[in-house]
Amino acid sequence: MAKTRTDPEEFSRPLRRVLVGILVLALLGLFLLWRIDSPRVERFRAALIDRVVPSFDWALVPLSKASGMLDQFQSYASLYEQNQDLRRELQQMKAWKEAALQLEQQNARLLDLNQVRLDPKLTHVTGQVLADSGSPFRQSVLINVGERDGILDGWATMDGIGVVGRISGVGQRTSRVILLTDTNSRVPVTVQPSGQKAILSGDNSALPPLDFLEDADEVRPGDRVVSSGDGGMFPANLLVGQVVMGTDRRLRVSLSADYQRLEFLRVLRSHELTPITDAGALIAPPVLPAGPDTSEALNTDAMPARGTQPEAAPAGDATTETDGGDG
């Protein structure tokens, strides 16, 4: 026996038709109601609006919420764009701030250089530090002045406060400066107020020692150390630093120059000084030439005649000859 199958569409189709018809009639009636121009219909419309519209606030809530969310999203997008613009401006301001700080530091270095009191006879050339040696065994820097600026080997260099080193190697556009802390540096100095002479010897440390002190008991920590000018190496009375007592119980010098921030160096033109050509000239005093009379006397007294041997003359003969010559 076959079962009769009922299609669901057979029940839903007539129902949809009925609902559509009711909706069409309601809309048509609403249209006619709003189109009829009559005082009674007008009062009916007003009463219907007063009755129905206030109760539809709940239906307007999603629409108002959606509208608010849209406004907030637009506001958020605007704030995001403003935030991005502010971030970009902040990055630019940081770059400008860094540039301003660098310029301020350079200005401070140049002001320090200008405030140094030097001998009016000493002219100078200011150069910028390009690079350092980068080695723990060699303490030197490279500056951007050379032969084209008249730089010569052996000239002293200073920063805004004290002596930094000396020129050792000159190129056409650059020069190398051996620092006071380098192991090859030997500078004659004077300790004030005692006036003790010494040699400042570099040892690749921040506190180079004082060697060959005449009397170490006369030197105290805190004494001022200046260049002595001996040997024609540096001009005299250039500030070097102060005496300190090292951990090894040796007298050392705390250098006045700021070696941590060497940006500009002043090269002192010392035209009257003898250029350094060998290591001995760093510490050896100049030898004065002997006069002609002195040379002849030395040669006559010290050198006997060739082919003869010196003889001891009797005391009496020497006296007689002297007396005879006087007479």
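This is a predicted model: local features need pLDDT of at least 70, side-chain atom pairs count only at pLDDT 80 or more; totals for chains, interfaces and linings use all residues.
## A walk through the strands

Residues are numbered from 1 along each chain as its sequence is written, and side-chain values use heavy atoms, with hydrogens and water left out.

Two strands count as paired if DSSP finds at least two bridges between them. Strands of a sheet pair through backbone hydrogen bonds, either parallel or antiparallel.

Back to β8 (residues 210–211): this strand pairs with β7 over two bridges, in the antiparallel sense. Strand β7 also runs antiparallel to β6 (residues 186–192), joined by six bridges. One spot to look at is R186, which stands opposite S201 in β7. Together, β6 and β7 make a hairpin with three residues between them, and G195 in the turn has a positive phi of about 80°. P193 sits in that loop too, and the peptide bond joining Q192 and P193 is cis, with omega about 10°.

How enclosed is β7? Five of the six residues of this strand (residues 196–201) are buried (under 20% relative accessible area; exposed is over 50%, partly exposed in between, with a 1.4 Å probe and protein chains only), so the rest of the structure largely encloses β7.

Now find S228, in the loop between β9 (224–227) and β10 (239–245). S228 is buried as well, at 13% relative accessible area. Leaving aside residues up to four places away in sequence, S228 touches P188, V189, T190, K197 and A236, where touching means heavy atoms within 4.5 Å. The side chain of S228 also reaches the backbone oxygen of P188 at 3.2 Å.

For a contrast, hop to F212, in the loop between β8 and β9. F212 counts as exposed, at 68% relative accessibility, and has a positive phi near 60° although F212 is not a glycine.

Finally, zoom out to the barrel: six strands close into one in the order β1-β2-β5-β4-β3-β12, with antiparallel pairing.

Note on methods: Helices (H or I, at least four residues) and strands (E, at least two) are DSSP runs, numbered from the N terminus. A polar contact is a pair of N or O atoms within 3.5 Å; within protein, one must be able to donate a hydrogen and the other to accept it, and residues adjacent in sequence count only if both atoms are side-chain atoms.
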